[in-house]
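Student: I have a structure to read. Could you take me through the main features, one at a time?

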Amino acid sequence: MIVEYIRYRVPAERQAEFVPAYARAAKALDAAPECLGYELSRCVEDPAAYVLRIRWTSAEDHLHRFRPGPHFPAFFREIRPYAQSIEEMRHYTPTEVTTTP
């Protein structure tokens, strides 16, 4: 498993629609077998800052199965207007320092 973090800075005039767009996009993530879960969070101190955390079965599955697969077009259709708001997008491997699920 890997974790993808995407950091967004969404301008004030676009924030009202950002979370609903991700709620619609999440339907494609729910349908994708490569996606193990996700969470969109908004910064308390800086409301323009959002972090999306997606757990994937592997980086290979994310990049070479989900992206060219049948669920990506519906996902990207919803989030495309916010692509220019991405500040960082990276994959991470979890370490042994964690809580019990």
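Tutor: Start with terms. Helices (H or I, at least four residues) and strands (E, at least two) are DSSP runs, numbered from the N terminus. This is a predicted model, where local features need pLDDT of at least 70, side-chain atom pairs count only at pLDDT 80 or more, and totals for chains, interfaces and linings use all residues. Residues are numbered from 1 along each chain as its sequence is written, and side-chain values use heavy atoms, with hydrogens and water left out.

Student: How much of the chain is helix and how much is strand over residues 2–92?

Tutor: Over that stretch, 40% is helix and 34% is strand. The end C-alpha atoms lie 6 Å apart. UniProt, in an unreviewed entry, lists residues 2–92 as "domain: ABM". Such annotations may be inferred rather than shown by experiment; positions follow the numbering used here, and feature names are shortened.

Student: Which strands does β1 join?

Tutor: Two strands pair if DSSP finds at least two bridges between them. Strand β1 (residues 2–9) runs antiparallel to β3 (residues 49–56), with eight bridges.

Student: How do I read a pocket?

Tutor: Work on a 1 Å grid over the protein atoms alone. A pocket is an open set of points with protein on both sides within 12 Å along at least five of seven lines; lining residues have an atom within 4 Å of a point. Grid points are joined across faces, edges and corners, and the volume is the space filled by probe spheres set on the points. Here the largest pocket holds about 180 Å³.

Student: What lines the largest pocket?

Tutor: Its lining has 16 residues, with R67, F72, F75, I79 and M89 nearest the centre. Two or more residues each come from β1, β3, α2 (59–66), α3 (72–79) and β4. Helix α3 gives the largest share, four residues.

Student: Is Q15 buried or exposed?

Tutor: Buried means under 20% relative accessible area, exposed over 50%, partly exposed in between (1.4 Å probe, protein chains only). Q15 counts as buried because its relative accessibility is 15%. Q15 sits in helix α1 (residues 12–31). Its side chain reaches the backbone oxygen of V10 at 2.9 Å.

Student: And where is D61 found?

Tutor: D61 is in helix α2. D61 is buried too, at 17% relative accessibility.

Notes:
1 Å grid on protein atoms, 1.4 Å probe; cavity = no way out; pocket = protein on both sides within 12 Å on 5 of 7 lines; lining within 4 Å. Polar contact = N/O pair within 3.5 Å; in protein donor to acceptor, adjacent residues only side chain to side chain.
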